[in-house]
Amino acid sequence: MSPSKRQGAPEDTHVQDVAEPEPGLTGSTSSTYKAVVPSDWSKDMRELWDRANTTYVATRARLDRTIVGRIWGHLQALGFWSSSLRFAAVFTLFFVPFLLLASAIVGLDFSRSVADRSGFSRQAAHDLNSLFVHGRTPVSLTVIGVILLVNGADTMAAILQEWYGKVFGQVPVGWVARISRIRWLGGVIAFVALQAVISRRFEPIGGGAATRVLQLLLAFLFWWWSLHCLLGGQVSWRRVIPAGVATTVCYAGVGLYIQFFVSSNIVSSEASYGPVGVVMTLLTVLVGLGVALHIGAVVGADFGETWRSLRHSTR
């Protein structure tokens, strides 16, 4: 019999040469023996991979047919993650300084207003204020600095305007788009000022619960108006109501996250890393705010389209 194949070895196996132990260890002479190794393991692995892939594709197809799958697909198609990160970056670099400048012009303490509205603890509010208040010497800005801040704020408004335009399929262009952004920036200043007035004037009279309800109503009116304004009035007030409601809910969710989690993180980060730790914590909040605003618009728009389709189908 040929030494390359043992008698009785299966046909679906291959044979591997293995050297026997040298003489003196077992007493046998030096030669080779043939180890039988199964060769169908790769076939089993391929079958296992194919079954797993088939299960994944079927599960993904079922998920894509649900409302959650449709919303997630819509978000991915519009590139919500990159847009949210750009929103957070521009918000930090330009919009916060713009709000500080605008608040100083109208006589409003921006950092204190944000701390009061967001529900920060006393220590977290102190650490937040320390980022913006250093002494009593006013900071003077050059004309170029003011222009840069205004253009940066306009860029942030343009990011949100572009997102709303993608979601509703109505992108304003030219002077209509620019005037809409200018109006929106003015509305943001008024929104922050009204929040501060409600927190300081109404809360001592109406109490905490009534103040939160009023703040929530104000937030809904602002985001409802923001959608209509940034879209240049091309989408009706009625059509943007669901997106306004969903954005308000997401915005309130970010507020709850700040109230219950961010305060302690700010205190611990400031104790460990100083102001840099506070800035890093705020960056995570701003990324979350950008994601919330983007998701709110898509959820509201998709819900509105689904509702209108159901109404037309039942007629």
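Helices here are DSSP runs of H or I with at least four residues, numbered from the N terminus, and in this predicted model one of them is helix α3, which spans residues 80-106 and contains S84.

- The side chain of S84 reaches the backbone oxygen of F80 at a distance of 2.7 Å.
- When residues up to four places away in sequence are set aside, S84 touches G290, V291 and H294.

**Aromatic side chains**
- The count of aromatic pairs comes to twelve; for F87 and F91 the ring centres are 5.8 Å apart and the planes stand at 45°, so this pair is tilted.
- F87 and F91 both belong to helix α3, where they are four residues apart, or about one turn of the helix.
- F87 counts as buried at 2% relative accessibility, and F91 is likewise buried, with a relative accessible area of 12%.
- One aromatic cluster is formed by W184, F191, F222, W223, W225 and Y251.

- F202 is found in helix α7, which covers residues 174-230.
- The relative accessible area of F202 is 32%, so this residue is classed as partly exposed, a label that applies between 20% and 50%.

Conventions. Residues are numbered from 1 along each chain as its sequence is written. This is a predicted model: local features need pLDDT of at least 70, side-chain atom pairs count only at pLDDT 80 or more; totals for chains, interfaces and linings use all residues. Side-chain values use heavy atoms; hydrogens and water are left out. Helices (H or I, at least four residues) and strands (E, at least two) are DSSP runs, numbered from the N terminus. Buried means under 20% relative accessible area, exposed over 50%, partly exposed in between (1.4 Å probe, protein chains only). A polar contact is a pair of N or O atoms within 3.5 Å; within protein, one must be able to donate a hydrogen and the other to accept it, and residues adjacent in sequence count only if both atoms are side-chain atoms. Contact means heavy atoms within 4.5 Å. Rings of Phe, Tyr and Trp (its six-membered ring) pair if their centres lie within 6.5 Å; planes under 30 degrees apart count as stacked, over 60 as edge-to-face and the rest as tilted.
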